[in-house]
Amino acid sequence: MDPIFHQRRYLIPFRSSLLPQIFTDTLIIGGGVAGLRAAVASAKHGDVIVLAKGDFKNTNTAWAQGGIASVFDERDTIQSHYEDTLTAGAGLVDEPLAEMVVREGPRLIEELFSWGMRADRDASGKLMLGREGGHAHHRIIHADGDATGAEVQRTLVDKVRSLTTDTSGGGAGGTGGGGGGGTVRVFDKCFALDLITPNDQPGAPVMGAITHHPKHGLQMIWAKATILASGGAGQLFRETTNPPQATADGCAMAFRAGATLADMAFTQFHPTTLYLAGASRSLITEAIRGAGAYLLDARGHRFMLDVHPLAELAPRDIVSQAIVRQISRQSGEGVSLDCRHIVGFEKSFPGIAAILKKFGLDAGKDLIPVHPAMHYMVGGIRTDAFGRTDVPGLYAAGEVASTGLHGANRLASNSLLEGLVFGEITGTVCAEMKSNGSRTATGSGTNGTGTNGHGHIGNPTSSPISPSGFGPARPAPVPIVSDIRPSDLGELDLTDVRSSLRSAMWKNVGIERTGQKLSSVCEMIDFWARYTLDKIFDDPSGWEVQNLLTVAALLARSAAWREESRGCHLRLDCPTPLDTFLVHDLWQRSRQQPITEPVQTIQAHPRPLTAPVLLA
Ligand SMILES: Cc1cc2nc3c(=O)[nH]c(=O)nc-3n(C[C@H](O)[C@H](O)[C@H](O)COP(=O)(O)OP(=O)(O)OC[C@H]3O[C@@H](n4cnc5c(N)ncnc54)[C@H](O)[C@@H]3O)c2cc1C
């Protein structure tokens, strides 16, 4: 990687003592399923601030369609859900962790129901469970047909708002509780630029974040514990199902703060998004193929029958790869989804029917043009079974994290589940930072030691944050100075850099990768980074491009390093999975090559992991 990626600790120059100061016990960056669930858990032991860079509606969570996977059918078992998760993960799932997540699922979903979440049920009130690719049973809980995520988001926003004291977007010296805690402040349009540490040394604890709000400007938010729940990275690619906010900020800021990222090569592509000029790449849920839709080539032939015994319901990566191959065989002509024979389409999939209508399409009469798109970031910030990163005071949950649940590929509808489970775990465990940073949680880490096996998790007993809560007009606990000399290189067309990067990522790090394409894109990214990362920007559009470049460089490097095909990572030049790559690849600032970490097996760790929430 170009040295420029390792040079900057912060995106902007600042002096902490000159900025407004806000104090809290737990800072949560992200207001999707993981961040909101973490807020409910951490409000039990202190004051909380939750940030979202947009509003609290536009999250990947709110856009989720299919549902949440969990065991509710009496014929289904935790063992079966666990085994399906392992199969999808193609050898890289950390087994004790996956067992714990699927076991915790039913309890956390019942809890959502108790908070008012609606789900689709039959006339007798029984859950109508869907089935998606890779699942051996019907186990997908859904709401309003294809609007599950919006219902999950609504339920959690309502729950968090019931604990909320202030939604003004911050402002130093704002109101708040203190002492015993339990209050939540929710700041929307508040962009986290960087995690703050007292110095630049390895092991320096995270003490909150520097943020930017359009009304309040730059602010220092000091926290005893910081949970990154900032979602995915879909905007790295030209074609994506993700909302505009998914710009990989969390991975980039964690990398700058010294945290380890893992398995970055693994990005899941969804096979079917609406492909019309001028339309956003709306997801056409797998449930539609589950309901019997066919994929047709340009001649009207159902080509998936020639590819896999499960035809359209083959694993997502197989379907995505088959579509790309088919498009290339027919010289760029597209493929389409045929739903014309599905009875009651509009009733079962009202959201998608409404989107189609906007473009004059009727699923009962017309073929729907579809194309694969980047959907889910499998890699991310490496955590242990408690959501701890290897930087003291920093936790990660949801899509931004790499917990080991998904391995080399995500089983459909396992990510909302992961967000719920790790939201609760991180929100609970981070209480350990309150008593001067001592880690008090019980249970074992993924390797049974309380660390995640790739480094010592320090104990920042010298944390200078006062335990007395927050209040007006307090000085910065430690002076942090970021000195960056303004670049003398010329002006920049940011929109052009962003769109060039997204196109290059789609072409070279997309569904079909080769060593040659990856090494040329690494050079391209380094070149763009040299004259983009040296700049100082004053609004999110510039910071997002800097974050995208950083994570793109890591993703392409990880894909180049992994000279095999596994899960959702397809290397045309190395088509076979190799035992030498049955490891997690870990990436850290100031290192050119990854460290590797063995995959955790149940055989090696026969004692089941116990979710700390049950012990708290
Ligand atoms: C179209 C679509 C359909 C999907 N369908 C399903 C499904 O059916 N089932 C399933 O399990 N999964 C599904 N997924 C995946 C799933 O929705 C996500 O993985 C999951 O919701 C991620 O939750 P999260 O809490 O980690 O992040 P998100 O829900 O994306 O929330 C991220 C939050 O972080 C905030 N943020 C980001 N950067 C910053 C910053 N710099 N400063 C401040 N705030 C920041 C954002 O504003 C947002 O509030 C789908 C995804 C998409 C896009």
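Predicted model: local features only at pLDDT ≥ 70, side-chain atom pairs only at ≥ 80, totals over all residues.
Lys189 sits in the loop that runs between β8 (184-187) and β9. Its phi is positive, near 50°, although Lys189 is a residue other than glycine.

Ser413 also has a positive phi, of about 65°, without being a glycine. This serine lies in the loop between β19 (401-402) and α12. Ser413 has 26 other C-beta atoms within 10 Å and is therefore buried.

The chain has 616 residues, and 56% of them count as buried. Its secondary structure comprises 16 helices and 22 strands.

The largest nonpolar core holds 150 residues. Within this core, Ala254, Ala552 and Ala556 touch the most other members. Helix α15 (residues 540-561) contributes the most to the core, with 12 residues. Beyond its neighbours within four places in sequence, Ala556 is in contact with Val509, Leu518, Val521, Cys522 and Ile525. There is also a second, separate core of 26 residues. Ala287, Ala293, Val319 and Ile352 are among its members.

Ala254 belongs to helix α7. It has 29 other C-beta atoms within 10 Å, so Ala254 is buried. Leaving out neighbours within four places in sequence, Ala254 is in contact with Leu195, Leu228, Ala259, Ile381, Thr389, Leu394 and Ala396. Leu228 is 26 residues away along the chain, yet the C-alpha atoms of Ala254 and Leu228 are separated by 8.5 Å.

Helix α7 spans residues 249-256, and eight of its eight residues are buried. Asp249 and Arg256 are buried in α7, as are Gly250, Cys251, Ala252, Met253, Ala254 and Phe255. Gly258 follows the helix and has a positive phi, near 100°.

Helix α5 (residues 95-114) has 20 residues. Its first and last C-alpha atoms are 30 Å apart, close to the 28 Å expected at 1.5 Å a residue. The helix bends by about 35° at Gly105. A proline, Pro106, follows within four residues of that point. Most of α5 is covered, with 14 of its 20 residues buried. Just after the helix, Gly116 has a positive phi of about 105°.

Ser320 lies in helix α9 (residues 316-329). With 26 other C-beta atoms within 10 Å, Ser320 is buried because the cut-off for burial is 20 or more. Apart from neighbours within four places in sequence, Ser320 is in contact with Phe269, Pro271, Pro372 and Ile511. Ser320 and Gln268 are 52 residues apart in sequence, and their C-alpha atoms are 9.5 Å apart in space.

Arg299 is located in the loop between β14 (294-296) and α9. Arg299 has 8 other C-beta atoms within 10 Å and is exposed, because 12 or fewer is the limit for that class. Along the chain, Arg299 and Val335 are 36 residues apart. Their C-alpha atoms are separated by 9.1 Å.

Terms used:
Residues numbered from 1 in each chain as written. Core = buried A, V, L, I, M, F, W, Y, C linked by C-beta atoms within 7 Å. Helix = DSSP H or I, 4+ residues; strand = E, 2+ residues; numbered from the N terminus. Contact = placed C-beta atoms within 7 Å. Expected span 1.5 Å × (residues − 1). Bend = angle between axes of the 7 residues up to and from the residue.
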